[in-house]
Amino acid sequence: MDFIKELGGSTRYCFHSHTEFCDGRAQMEAFAREAVARGFTHYGFSPHSPLRFHSPCNMLETNVPCYLAEVARIRREHGAACRFYAGMEIDYIDDTWGPSASYFRQLPLDYRIGSVHFIPTKDGRFVDIDGSPERFCRNMEEVFDKDIRYVVDTFYRQSRRMVLGGCFDFIGHFDKIGMNASAWQPGIEEEPWYRGLVDELVDLIIDRRVAVEVNTKIYDKTAPADAVGHPAGAPDGTGRFFPAPRHLSRLKAAGIPILVNSDVHVPVLIDSGRSAALSLLASL
């Protein structure tokens, strides 16, 4: 976790971002310029990793050299103003394809994010459960036989296996499935069996000393708006972070390193939710 130590107390950073190499909506150059303009001191690119099956959101293995070359170019062009990092958000699929796989360990990356976006259906197909609530609910109907218990159990089982496998620098949005599961079954996150699964993962994260992120991607979308329609940004839990504050409280008390990342796909949003997340962490 040397890249975390390099922050030196700075809060002007982001290590979770997506560009034209995966499902981001702008080129890396645009993100680099925005980071410099906003006074960021450290900025990491983290395309969704290549997969063994087709996904429109993930980068192609053949594009990895081009991605690394573009990071090197940006460092030459903008490195005097901000330190740029070559990262990757690596999808854990199974023990042969995830952060611990030899392919990813051999890549010359500055850091690796471990995330679960796909789970196997009961017949072995891998399906994205990380997209919009609308798509999630459609998949619940069409491919998961309306079995939300299976989906949630499998997601957290995959997450635990990823943590046990290691070889990543921090875990990405580890309870994000709660948002989609709640769209299918409101109140599910308060059910004892569900909370037990999250607590089991948090226990393992603490035991393995795994760094985590506060993912602010949707905070401003879920925070209440003020009288003129601007997000209020109050760190009182009305806006949604991943993980939820109750888990962050345990992690902070255990001394787990916590980063604040915007998981940005559009340059103008690289700072979205940051001040609220930092305020929340300070209050815990």
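In this predicted model, helices α10 and α11 pack at an angle of about 55°. Their axes lie 10 Å apart. Angles under 35 degrees count as roughly parallel and those from 65 to 115 as roughly perpendicular, so α10 and α11 are oblique to each other. The crossing of α10 past α11 is right-handed. Helix α11 spans residues 274–283. From α10, the contact takes in Pro-245, Leu-248 and Lys-252. From α11, Leu-280, Leu-281 and Ala-282 take part. By class, this contact of α10 with α11 holds 5 nonpolar residues, no polar residues and 1 charged residue.

Helix α10 (residues 245–253) also packs with helix α8 (residues 192–208). Here the angle is about 25°, and the axes are 10 Å apart. Helix α8 is therefore roughly parallel to α10, since the angle falls under the cut-off of 35 degrees. The crossing of α8 and α10 is right-handed. On the α8 side, the contact residues are Arg-195, Val-198, Asp-199, Val-202, Asp-203, Ile-205 and Ile-206. On the α10 side, they are Arg-246, His-247, Arg-250 and Leu-251. The contact of α8 with α10 comprises 5 nonpolar, 1 polar and 5 charged residues.

The loop between α9 (219–222) and α10 contains Pro-243. A cis peptide bond links Phe-242 to Pro-243, with omega at about 0°.

A further helix pair is formed by α5 (residues 133–142) and α7 (residues 177–184). Their axes come within 9 Å and cross at roughly 60°. The crossing of α5 and α7 is right-handed. Helix α5 contributes Pro-133, Phe-136, Cys-137, Met-140 and Glu-141 to the contact. Helix α7 contributes Met-179, Asn-180, Ala-181, Ala-183 and Trp-184. In the contact of α5 with α7, 8 residues are nonpolar, 1 is polar and 1 is charged.

The loop between β8 (170–171) and α7 includes His-173. The phi angle of His-173 is near 25°, a positive value in a residue other than glycine. His-173 also belongs to the lining of the largest cavity.

A search of the whole structure found 1 cavity of 30 Å³ or more. The largest cavity has a volume of about 40 Å³. Its lining includes Gly-114, Ser-115 and Val-116. Phe-155, Ser-159 and Met-162 line the cavity as well. Ile-171, Gly-172, His-173 and Phe-174 are also among the lining residues. Strand β5 (113–115) and helix α6 (148–165) each supply at least two residues of this lining. The largest share, 3 residues, comes from α6. The lining of the largest cavity divides into 5 nonpolar and 5 polar residues, with no charged residues.

By class, the lining of the largest pocket consists of 7 nonpolar, 11 polar and 11 charged residues.

Technical notes
Residues are numbered from 1 along each chain as its sequence is written. This is a predicted model: local features need pLDDT of at least 70, side-chain atom pairs count only at pLDDT 80 or more; totals for chains, interfaces and linings use all residues. Side-chain values use heavy atoms; hydrogens and water are left out. Ala, Val, Leu, Ile, Met, Phe, Trp, Tyr, Cys and Pro count as nonpolar, Asp, Glu, Lys and Arg as charged, and the others, Gly among them, as polar. Axes are lines fitted to C-alpha atoms, for helices over the stretch in contact, and angles run from 0 to 180 degrees between N-to-C directions. Helices (H or I, at least four residues) and strands (E, at least two) are DSSP runs, numbered from the N terminus. Angles under 35 degrees count as roughly parallel, over 145 as roughly antiparallel, 65 to 115 as roughly perpendicular and the rest as oblique. A crossing is left-handed if the near helix is turned anticlockwise from the far one by less than a right angle, and right-handed if clockwise. Contact means heavy atoms within 4.5 Å. On a 1 Å grid over the protein atoms alone, a cavity is a set of points where a 1.4 Å probe fits but cannot get out, and a pocket is an open set with protein on both sides within 12 Å along at least five of seven lines; lining residues have an atom within 4 Å of a point. Grid points are joined across faces, edges and corners, and a volume is the space filled by probe spheres set on the points.
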